[in-house]
Amino acid sequence: MHVLIVEDDARTAGFIRQAFKEQHIDADWLRDGDEALAAVLAASFEAVVLDIMLPGRDGLSVVRQLRARGNHTPVLLLSARGEVAERVEGLEAGADDYLGKPFALAELVARVRALGRRGGDLKQSVVRLADLTLDTAARTARRGAHRIELTCREYRLLEYLMRAAGRVCTRMMILEQVWDYQFDPGSNLVDVYVRKLRQKVDAPFATKLLHSVRGEGYVMKASEQPL
Amino acid sequence: MTLRRRLGLQYAVVVAVSLLLLAGLAHHEFIVEPRMRQRAGLAESSGSHWREYAELVFHALIPAVLGSGWWLMGRTVAPITTLARQFEGVHLGNLRTPLPRTAQTDEVDRLTDAFNGLTARLDASFQQIREFLLQASHELKTPLTVMRAQLETALRDAPGTATDPCGWMRGQLDELERLARIVDTLTLLSKADAGLVKLEQRLVPFDVLVRESSEEAALLAEPSGVQVDLAACARLTVRGDRDRLRQLLLNLVDNAAKYNLPGGHITLALRPVSGMAELSIANTGPGISPEVLPRVMDRFVRGVDGQNRGIEGAGLGLAICRWIVQAHGGTIRVTSEPGVSTTVTVRLPLAPVTQSDAGSPDEPNGVASMYLTA
């Protein structure tokens, strides 16, 4: 995966590049808004991590310019302020995601990966992972021949995790996409729901699909070891 | 007597005295002296009378009048300068000491009273901030102590003999996350105090939110076998910020599930009461002692010290709830019977329902955002 980091603080940029490198994500680095705009228009990046406070053109302006010129490269905005209002402003300017500082590197990586997949993700009506099948039209889930009974919210959580199969989904991402929260409501709601989902989807079957990644979030993938 | 009246009186007195002196002088000059002269047999020289009169007036009377007037007014206005000097002497340490009033009950006293009121309010605010900082640092010290202990233990253990070499690091990460959450919540509360948190003003179907949160409550309460019952859910609409209202409900049901007993109950009810939407959440559990109850919604206050050691939390949930409720123009009340149950009652003003509202309660009625203070 090839991304661009636009951040004027060398230390922060250093940490981000290191984290990306460990996750096999290629990252270029620029410090200036105008240079970034030119670079994104000239080359083809799968995602751009853009700090709002930049010398030259500021991050929001870069996004607006990109969208005005018909460029749809996914953009994740970074900001020291992290307020809900600024998040909304950023998304309205054309950004695809927003993280306030300080952020967890794992969170940034997870979100950038999610951005990278957006372009090619066609909304299939049937989603499969190992023997777990989701019929998104009928909103039902089955493992093998067994029908799994899920509440509305549980189903939405499962569908979100399934569509992101193989990629880690952080708690905050889940709260945003499944519960539509714009901020952290300060509860372990997600953990409780995942536990419930595990009881219904994993416990009765041999292959475990829903895994916790300590310090990051949750991921759905077929694993060989039964628990 | 007011400054105004006093100055007016002094002015009148000065004018009166001047006129009297003028009249007296004129009387002496034009009537008495000539009479004396006549008696002494001296000749009249009318011109000299006027000259003498004019000299006396200009060189003695007017300067004396002006001088005394200036002095009198200086004396009347002096309290203002004294007050200014006293203001300069006020600092953080003596904010609570009120400045003395003069005996006059005038505008200067009014200023003094207003100033004393101001410093009293400031002092109360600073007191609050001091206490809050003390509590906050105490709360933050606990996870820091745990982290320190973990690090020290890990350093002591010889590397390679520990069965879970990375366990302590994960523990550290957990504690750091907990610290970060506390800091985030504190930041939110501080911003809310300063009126810097933007809340939306939309029509919100409160009954839908309550129903959702009762489902969430059921899930949160399941591990301890606690039963959740939605006794009433009237179709009520309020005006405000949907996400913050959801946060309010989540915090309340979270508490109801946490501070409960195995096999206990949680009962939610949403009813219209005197033009407000009243939501009550009652839960069985250890309850809150009468000593703590008045402060239970303050920051970092949790039940009774020592009683809740096993339960996760920093005591900030109800503080957030109170902010959200008050920012929506509502009231929140906590009652409790120790050892039996606790009930939280929230009342929010109902949004006026018009014909057009009935069909789509989620339609933003023009998104007007408000900055609301706690």
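A salt bridge is taken here as a side-chain nitrogen of Lys or Arg within 4 Å of a carboxyl oxygen of Asp or Glu. By that rule the structure holds 23 salt bridges over all chains. The model is a predicted one, in which local features need pLDDT of at least 70 and side-chain atom pairs count only at pLDDT 80 or more, while totals for chains, interfaces and linings use all residues. Residues are numbered from 1 along each chain as its sequence is written, chains are lettered from A and ligands numbered from 1 in the order in which they are written, and side-chain values use heavy atoms, with hydrogens and water left out.

We may turn to chain A. Chain A has 8 helices and 12 strands, where helices (H or I, at least four residues) and strands (E, at least two) are DSSP runs numbered from the N terminus. Of its 227 residues, 49% count as buried; buried means under 20% relative accessible area, exposed over 50%, and partly exposed in between (1.4 Å probe, protein chains only). Among contacts in chain A with a separation of 6 or more, 56% come from residues 24 or more positions apart, a contact being heavy atoms within 4.5 Å.

Next comes the interface. The contact draws 20 residues from chain A and 19 residues from chain B. About 1800 Å² is buried between chain B and chain A, and carbon and sulfur atoms give 51% of it; this buried area is the accessible area (1.4 Å probe) that two parts lose on being put together, summed over both. On the side of chain B, Leu219(B), Arg246(B) and Leu250(B) lose the most area to chain A, together 28% of what that side buries.

Across this interface the rule finds 4 salt bridges. In one of them, the side chains of Glu212(B) and Arg153(A) meet at 3.8 Å, N to O. Another salt bridge joins Arg242(B) to Asp180(A), with the closest N and O atoms 3.8 Å apart. This pair crosses between chains, from helix α6 of chain B to the loop between α7 and α8 of chain A. Arg242(B) is partly exposed at 26% relative accessibility, and Asp180(A) is partly exposed with a relative accessible area of 37%.

The count between chain B and chain A is 5 residue pairs in polar contact, both residues at pLDDT 80 or more. A polar contact is a pair of N or O atoms within 3.5 Å; within protein, one must be able to donate a hydrogen and the other to accept it, and residues adjacent in sequence count only if both atoms are side-chain atoms. On the side of chain B that touches chain A, the elements giving two or more residues are α4 (167-193), α5 (206-221) and α6 (242-258) of chain B. The most comes from α6(B), with 8 residues. By class, this side has 4 nonpolar, 2 polar and 13 charged residues, with Ala, Val, Leu, Ile, Met, Phe, Trp, Tyr, Cys and Pro counted as nonpolar, Asp, Glu, Lys and Arg as charged, and the others, Gly among them, as polar.

Within chain B, Asp123(B) and Arg96(B) form a salt bridge, the closest N and O atoms being 3.1 Å apart. The pair links distant parts of the chain, from Asp123(B) in helix α3 to Arg96(B) in the loop between α2 and α3, 27 residues apart. Asp123(B) is buried at 8% relative accessible area, whereas Arg96(B) is exposed at 63%.

A search of the whole structure finds 3 aromatic pairs over all chains. Rings of Phe, Tyr and Trp (its six-membered ring) pair if their centres lie within 6.5 Å; planes under 30 degrees apart count as stacked, over 60 as edge-to-face and the rest as tilted. The rings of Trp179(A) and Tyr193(A) have centres 5.0 Å apart and planes at 75 degrees, so this pair is edge-to-face. Trp179(A) is buried at 1% relative accessible area, and Tyr193(A) is buried at 4%. In chain B, Phe87(B) and Phe115(B) are stacked, 3.8 Å centre to centre with 15 degrees between the planes. Phe87(B) lies in helix α2 (residues 46-88) and Phe115(B) in helix α3 (residues 107-156) of chain B.

Finally, helix α1 (residues 3-40) of chain B holds Ser18(B). The side chain of Ser18(B) reaches the backbone oxygen of Val14(B) at 2.5 Å. Not counting residues up to four places away in sequence, Ser18(B) touches Leu61(B) and Val65(B).
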